[in-house]
Amino acid sequence: MFGMSHDAYLLLDAVVTVIGLIVLITKFKIHPFIALTIAAAFLGLTSGMPIGTIIKAFQDGFGGVLGFVGIILALGTMLGKMMAESGGADQIAQTLIRAFGKDKVQWAMMFAAFLVGIPLFFEIGFVLLIPLVFIVARRTGVSIIKIGIPLLAGLSAVHGLVPPHPGPLLAIGVFGADIGKTILYGLIVALPTAIIAGPIFGTFIAKHIPGHPNQELVDQLARENDSANLPSFSITLVTVLLPVFLMLLKTFADVALPDGHFFRTWMDMIGHPISALLLALLLSLYTFGYKQGIGSQQMLKWLDASLAPTAAIILIIGAGGGFKQMLVTSGVGDVIGHMAVSAQISPILLAWLVAAVIRIATGSATVATITGAGIVVPVVGMIPGVNRELLVLATGAGSLILSHVNDAGFWLVKQYFNMTVAETFKTWTAMETILSVVGLGFILLLSLFV
């Protein structure tokens, strides 16, 4: 068509579609769910797919993603809500602050955010822990930037790199990666990355931008809880990390034991993400609920309230799955895969680059992960020995880069930390970019050993 080969036309079609997707989200402010659905339909029609196939491909992609990720999101959100409302997150933060002391309080905030962030969305973790930043800054006299940047780094690192967060989970489904290995590799990469982008960078940048918290927010949020009424640190830690432990145990059983072994068979069920999160949620109803004297009606209200904010995210992820399937069914993915193979680009670097470009353009880490994984997945079948778990991490790392004015997180941080736009670029945007680039470096280093 238009004097081009079929492969060249499909590639051009994909480029136009992705640009159109970006324009719909950024310029016309179309909701990402609607924009992804339009983009999928456009790609299907212009690539020459039969009409019936277009609808079926989108439905298959949408349902295939949500059949797994939708359940995980619901269970993880409920677990996070129970931890937040019971004061479990506050207990983790207070315990680490006491352990590290005033001089190293920035390290305590990073580790607290890292642990608390495992079952929580970034925005929920931020709103949950920001009062602690204000309280600690007031108690210790330490710069709010020196305390806040490590907290943001801890939350953002696990959000982009560690399941059961939606981005990594979605990429696991697209690439067919093992969730236990992804968690293990994700933790190996995320922790040192968060240390560099958090306490180390935060200490440096605080010398130039100490920050001045909004006094109204401090007065409203910096209320100190009675630690006697909080769940214990050990109980909170066991509850929050139970799903991670079970999923890792499943992976170790798969590696160490033969097929059909009794223990391995049971661990394949118990260590499945859905089962692991369900068991942790049931445990939380006791540890964060009944044990704290909280009644069934109150817990029901918390769980109901927790699901409302996830509706939009679930729809975006589903539409992204439909768009991904359109890339595959239309043949665009194969063309991109062959190009990557011919150009001898590292699949890990390709996954990072594609996700990074889409993240910068749209401001959405979720859209970047969905689209990036869909574009890169054909490479998996063309290059022998590609580590699928590291592809998941590379896509997640790329989706974190260069948060700027088109990202809601940019404005969230700006307002809470009472910074100018320029100061937000020098702190938050720089920290996100360090997370992305350093994360890629650790992923490439890890690829030499796994």
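This is a predicted model: local features need pLDDT of at least 70, side-chain atom pairs count only at pLDDT 80 or more; totals for chains, interfaces and linings use all residues.
Student: How many residues does the chain have, and what share of them count as buried?
Tutor: There are 450 residues in the chain, and 56% count as buried. Buried means under 20% relative accessible area.

Student: Why is S156 called buried?
Tutor: Its relative accessibility is 3%. The cut-off for buried is under 20%. So S156 counts as buried. S156 lies in helix α7.

Student: Which residues does S156 touch, leaving aside neighbours within four places in sequence?
Tutor: S156 is in contact with F122, L400, M431, E432 and L435. Contact here means heavy atoms within 4.5 Å.

Student: M431 is on that list of contacts. Where else does M431 come up?
Tutor: In the largest nonpolar core, which has 140 residues. M431 is one of the members that touch the most other members, along with F126, L152, F175 and F417. Helix α3, residues 51-86, gives the largest share of this core, 14 residues.

Student: What does F175 touch, not counting residues up to four places away in sequence?
Tutor: F175 touches A373, V376, V377, V380, R388, L391, V392 and T395.

Student: Is I375 buried or exposed, and how do you know?
Tutor: I375 is at 11% relative accessibility. Buried is under 20%. Therefore I375 counts as buried. Helix α18 holds I375. From I375 to Q325 is 50 residues in sequence and 9.9 Å in space, C-alpha to C-alpha.

Student: Why does T424 count as buried?
Tutor: T424 has 0% relative accessibility. That value is under 20%, so T424 counts as buried. T424 is in helix α21, residues 421-446. Its contacts, not counting residues up to four places away in sequence, are F410, K414, M419 and T429.

Student: Is K29 buried or exposed, and why?
Tutor: K29 is at 66% relative accessibility. Exposed means over 50%. So K29 counts as exposed. K29 lies in the loop between α1 and α2.

Student: What about N418, and why is N418 called partly exposed?
Tutor: N418 comes to 41% relative accessibility. N418 sits in the loop between α20 and α21.

Student: What is the phi of K29, and what is the phi of N418?
Tutor: Phi of K29 is near 55°, a positive value in a residue other than glycine. Phi of N418 is also near 55°, again positive in a residue other than glycine.

Student: What makes a space a cavity?
Tutor: A 1.4 Å probe fits there but cannot get out.

Student: Which helix gives the most to the lining of the second largest cavity?
Tutor: Helix α18, with three residues. The lining residues include A365, T366 and T369. Helices α7, α8 and α18 each supply at least two residues of the lining.

Student: How is this lining split by class?
Tutor: The lining has two nonpolar, six polar and no charged residues. Gly counts as polar, and G160 and G167 are among the lining residues.

Terms used
Residues are numbered from 1 along each chain as its sequence is written. Side-chain values use heavy atoms; hydrogens and water are left out. On a 1 Å grid over the protein atoms alone, a cavity is a set of points where a 1.4 Å probe fits but cannot get out, and a pocket is an open set with protein on both sides within 12 Å along at least five of seven lines; lining residues have an atom within 4 Å of a point. Helices (H or I, at least four residues) and strands (E, at least two) are DSSP runs, numbered from the N terminus. Buried means under 20% relative accessible area, exposed over 50%, partly exposed in between (1.4 Å probe, protein chains only). A nonpolar core is a set of buried Ala, Val, Leu, Ile, Met, Phe, Trp, Tyr and Cys residues joined through side-chain atoms within 4.5 Å.
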